[in-house]
Amino acid sequence: MHDTPSETRRVRLSCEEADILLDNLAAHYRLFAPVRLPGRGRFSDQDAIRYAEVHTVHEIEHARRSHFSPKEILFPVSQTLFYLMDDALQEPQDDPRDMLVFLRACDIHGIARLDDIFLNNGPEPEPYYARRRARIKLALLECRHSLDEHCFCVAMGTNRTDAYAMAVRCDEGQLLVEVRDDDLRPALPASAAPADFTPEFPTADPQPVVVPDADRLQSAIRDHGFFAHPMWADYAKRCIACGRCNTHCMTCSCFTAYDIAYTEQPNAGERRRVWASCHIDRFTDMAGGHAFRDENGSRMRFKTMHKIHDFYQRFGRHMCVGCGRCDASCPEYISFATCISAISRVLEER
Amino acid sequence: MSTDLNTKLIMRNAYRITSDRRHTCLRVRVPGGHLEARHLSLIQHIADTYGNGTVHITTRQGFEIPGIPYEMIPEVNRALAPLLEALEVAIGVPLDDTTQGYPAAGTRNVAACIGNRVCPFANNDTTALAQRIEATIFPNHYHVKVAVTGCPNDCIKAHLQDFGIIGQAAVEIDAARCIGCEACVTNCRKRVTGALELQNMIAVRDAQRCIGCGECVLKCPTGAWSRNPHKFFRMVILGRTGKKNPRLAATFLEWAAEPVILAVLRNVYKFIDEHIDRSLPKEHLGYIVDRIGYPAFRDALLDGVALNPQARVAERLDFHGYWHTADGIMQW
Ligand code: SF4
Ligand code: SF4
Ligand code: SF4
Ligand code: SF4
Ligand code: SF4
């Protein structure tokens, strides 16, 4: 039996059928999804929720947001760019298999932002990212409502998407599945019962977040000294520059690179690229020891402007996708959503 | 007629002989130092009805209810029964008859810092462990003080106990997540023991220096560090206050699993029973060990105990304290 091409299929799967689907998919794809790592959370006896390879449906954490975002699948925390041995240089072999990543609507938009940075920002696409990006398909984990108080995807316009190969809803132990991608359709178990399922999306944020108008913001910066506004001085007193807002963010994409020589074999070594972030010390260090954003309020301002102004000026959409991870991870309870709403208020009052 | 009392029995029933000839004072235990607030109303009731309407909060996380006439003790014990059921029987302490009050008072309330129910530094649920210890060693007439603390900050002052249990985190690094930011390295150097350094831009831990405080997990922005979900404990022993030789407890075990901690505590009582100087009204454990020596004490504590492979036992005890008689001020 063959499906007509480009025909979306919507089915309801029992637990067993859902695992058959995953088994079938796993024949061609490595499957990545948020999973719960018991006791590995920041505080003892709390779980970490992180992206990892999965093989069964029950491993997938459906209810909660992952602490770290799925960006690390495309843009690893630490990545060897090449090995060096005397004069020879060799790129590491990346796993050649295709990947299917389960993620939420905001994160699917987040991948589009990463694409902007890594593929569309310069004359050449960034090859390491591009290589992985070409091997990835996206599976939407439906959010019918905001996951928790940190979400503000509706305000950022990232609550809806159709940029997915398949979508799933966990429904009382069963899995509702929509498959749009021709390549994935054959993986559905033959026994799958048709169902009337198209993913729903959140239509309201738990608290209203007001995104500043980018053009008004630009004029405030250029003509009205907005960078000197006292709100940044307040963040200077609150932010401890721990960098968690950056490392948990779906769209922070800065990195640095360094070379190391192996201790046992000093004529061999590697160049590594690692995440680097605007809140973390040394991000702006220059030769001679000067750092131009030493003070934490200016780092908060820089991040905020990048997320809701600079990126927009370049790509026509905001970098921030409202996933809420920055707010959920900040130990000092600095809320980015509150910050951008406060900026909107300042612009209104002007 | 004057009051005729067997003070030994009164004290074993957790009532004090006080500076007021007519009145006693009840010591209520709160194992783990955490209780449902509703129990406070019974404590208030006893204080208002039988005592003088006041309550003293002790350093051992108990309540002392003073001003109770000695003859009211049986009635107070009956009123106390629901508390014994809720705070002792419910956590597994074997009590035959909860209407008779506490059957012993020598082994003191097992105290605990607030632990991971509230404190972000904590490496375990200290109250729950303290309750399991209470169920292991109470009731018992020998004077033994135990406290549990969630990290080496030691807010419960485990270092002033006969046995202080300090939660340890076996921290593990996922090197693929380390960005070499040095947040953990700097913090461990400035605030802990300097157990970390960057090697080829990746944080590396010196297991001999690491005390398992877990701070690196708290500091790391990428989640490279995490705690092994298996819980470990450091046991410090024979700390004491008092008149002769106050001192901080010294480390006896490191990286011990909970069954080891419980088994060691069970073994203490046999040692005391064999070695206590019965010519004295009371001999604290620390002074017994001062007479008998650490090697014999260590062997008694570890008798029949299956140490987990990670556990390390102290070769000697390194006490920090002083003797009043050797003190400069006393000599002058
Ligand atoms: S700035 Fe915050 S809400 Fe926006 S994408 Fe980053 S983590 Fe998500
Ligand atoms: S998480 Fe909070 S404290 Fe840490 S760098 Fe970001 S804003 Fe500052
Ligand atoms: S000892 Fe540690 S865990 Fe316990 S309250 Fe103090 S800081 Fe928190
Ligand atoms: S657990 Fe504490 S002592 Fe051990 S490496 Fe981490 S910060 Fe340092
Ligand atoms: S804090 Fe984390 S990322 Fe930074 S050096 Fe330590 S382990 Fe590496």
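How many residues of the shell around ligand 4 are nonpolar, polar and charged? The shell divides into eight nonpolar, three polar and one charged, where Ala, Val, Leu, Ile, Met, Phe, Trp, Tyr, Cys and Pro count as nonpolar, Asp, Glu, Lys and Arg as charged, and the others, Gly among them, as polar. Among the residues surrounding ligand 4 are B:Val171, B:Cys188, B:Leu196 and B:Glu215, a residue being near a molecule if one of its heavy atoms lies within 4 Å of it.

This is a predicted model, in which local features need pLDDT of at least 70 and side-chain atom pairs count only at pLDDT 80 or more, while totals for chains, interfaces and linings use all residues. Residues are numbered from 1 along each chain as its sequence is written, chains are lettered from A and ligands numbered from 1 in the order in which they are written, and side-chain values use heavy atoms, without hydrogens and water.

Chain B also holds an open sheet of four strands, ordered β1-β2-β4-β3, with antiparallel pairing (strands are DSSP runs of E, at least two residues, and helices runs of H or I, at least four, numbered from the N terminus; two strands pair if DSSP finds at least two bridges between them). β1 (15–16) and β3 (56–57) of chain B stand at the edges with a single partner strand each, so one side of each lacks a neighbour in the sheet.

Turning to the helices, B:Val268, B:Phe271, B:Ile272 and B:His275 in α7(B) meet residues of α8(B) including B:Leu285 and B:Ile288, contact meaning heavy atoms within 4.5 Å.
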